[in-house]
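Please work through the following exercises with the sequence and the three-dimensional model at hand. Each task is followed by a worked solution.

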Amino acid sequence: MEFQTLVQRYRVYFCRLAVGTWNVGGNSPNEDLNLNNWLTTHASADIYVLGFQEIVPLNAANVLGAEDSGPAAEWLSIIRQALNNQKSGPQVPDCYNSTPDAEVSEEQTYPLSFLREDETSQEYFARSLSSDPNSSSSEEDSPSPPCYSVGQESLLQSDYTLVASKQMVGLFLCVWVRSDLHRHIRNPKVSCVGRGIMGYLGNKGSISMSMAMYNTTFCFVCTHLASGQKEGDEVKRNMDVMEILKKTKFPHSCRVPRQPMSPDSILDHDKIIWLGDLNYRLASGDETNELLDKKDWQALLEKDQLKVEQRAGRIFEGWEEGRISFPPTYKYLTNSDDYVGQTSISKEKRRTPAWCDRILWKGGLKQISYERVESKFSDHRPVCSLFSVQVNAPNKLTQ
């Protein structure tokens, strides 16, 4: 769309989108579980997209029997409490930091959801990206149309409303928005694809959620892909991704006058987030173990199956992922900082740790942070990311 046309037809907002993924290993939340470190990525967000894997054990009774919705209700309750009890100021989450003595500056913790009233959109993006030197951008550096802001106080004091949630066996996805923005959310829809036992049961697969905010469409894809660290298992994961993209279809709804048709498939959306336990592993070997001991994450990532498959053009072509600067997220001993098999305490043979838990995107989002959180609740470490997203709203003057 031409720049002048965009200026005439739309008002442009920038909102903060927080995304989290966590394989909780079949554990139900307890009253003492603190989600603030996972949900508070330096400041409150406008939209929270939270995906879980294995909220129930993946045994035969849960896969083949009636769905146990009890844990999902417990997670919703604890998330609602955590979101609506956030402090009225910036917080520093307990995330992995390669320089633990570094302090987070006031500029880094500033709530970035909307433009400050005295700055241009270009200054806003410069500030957003300067808070993380490793942040990524997929939007072109071009002049931006007029932008509008809301008061920071309303951002910090807002409650959050559940847009939609869905469970498929152990997979669980929920989307929350600030209550004052809920009226601008349209057409929430859900589509599930099973990729587990026999190729269609729900112990593996995806939950995808479609929605529109103003005139911008979003799709959030929460997945748990095929497991296994044998050579060739990455092909199964690639196939899962391709089948999810092909089979995910959103139901049609009655068209509202002056509103665009809602998207049919994942790739039809303006902004897309793919999150979950993607299960891609590291190539094993003595060199891999040496790099793990040296904490040389960037060299290790050269052996990461997802990176290898993506570079070869076999999967996720055109998708983006932020720079990974944290240790592998799987597989840990229960309530420990040690990987399975890393110490004599473990009775299991040593597994090669891996970055199983990932967040990718497509469609012009600006990533502000990409972190893992140091929770010992399961054998996976949770991962979170914060994005700045441009949202187009109809200009009332042209309607």
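This is a predicted model: local features need pLDDT of at least 70, side-chain atom pairs count only at pLDDT 80 or more; totals for chains, interfaces and linings use all residues.

Residues are numbered from 1 along each chain as its sequence is written, and side-chain values use heavy atoms, with hydrogens and water left out.

**Exercise 1.** Determine whether R372 is buried or exposed, and identify the polar contacts of its side chain.

*Solution.* Step 1: R372 has a relative accessible area of 4% and is therefore buried (buried means under 20% relative accessible area, exposed over 50%, partly exposed in between, with a 1.4 Å probe and protein chains only).

Step 1: The R372 side chain forms a polar contact with the side chain of Y332 at 2.7 Å and another with the side chain of E374 at 2.6 Å. A polar contact is a pair of N or O atoms within 3.5 Å; within protein, one must be able to donate a hydrogen and the other to accept it, and residues adjacent in sequence count only if both atoms are side-chain atoms.

Step 2: Beyond its neighbours within four places in sequence, R372 is in contact (heavy atoms within 4.5 Å) with residues including C95, F326, Y339 and R381.

**Exercise 2.** Locate R372 in a strand and describe how that strand is paired.

*Solution.* Step 1: R372 belongs to strand 10, residues 366-372. Strands (E, at least two residues) and helices (H or I, at least four) are DSSP runs, numbered from the N terminus.

Step 1: Strand 10 is mostly covered, with 7 of its 7 residues buried.

Step 2: Strand 10 runs antiparallel to strand 11 (residues 383-394), and 6 bridges join them; two strands pair if DSSP finds at least two bridges between them. E371 has C384 as its bridge partner in strand 11.

**Exercise 3.** Give the strand order of the open sheet of 5 strands and name its edge strands.

*Solution.* Step 1: The order is 5-6-7-8-9, with mixed pairing.

Step 1: Strand 5 (185-194) and strand 9 (357-362) are the edge strands, each pairing on one side only.

Step 2: Strand 6 (residues 205-213) and strand 7 (residues 216-224) pair antiparallel over 9 bridges, and M209 stands opposite F220 in strand 7.
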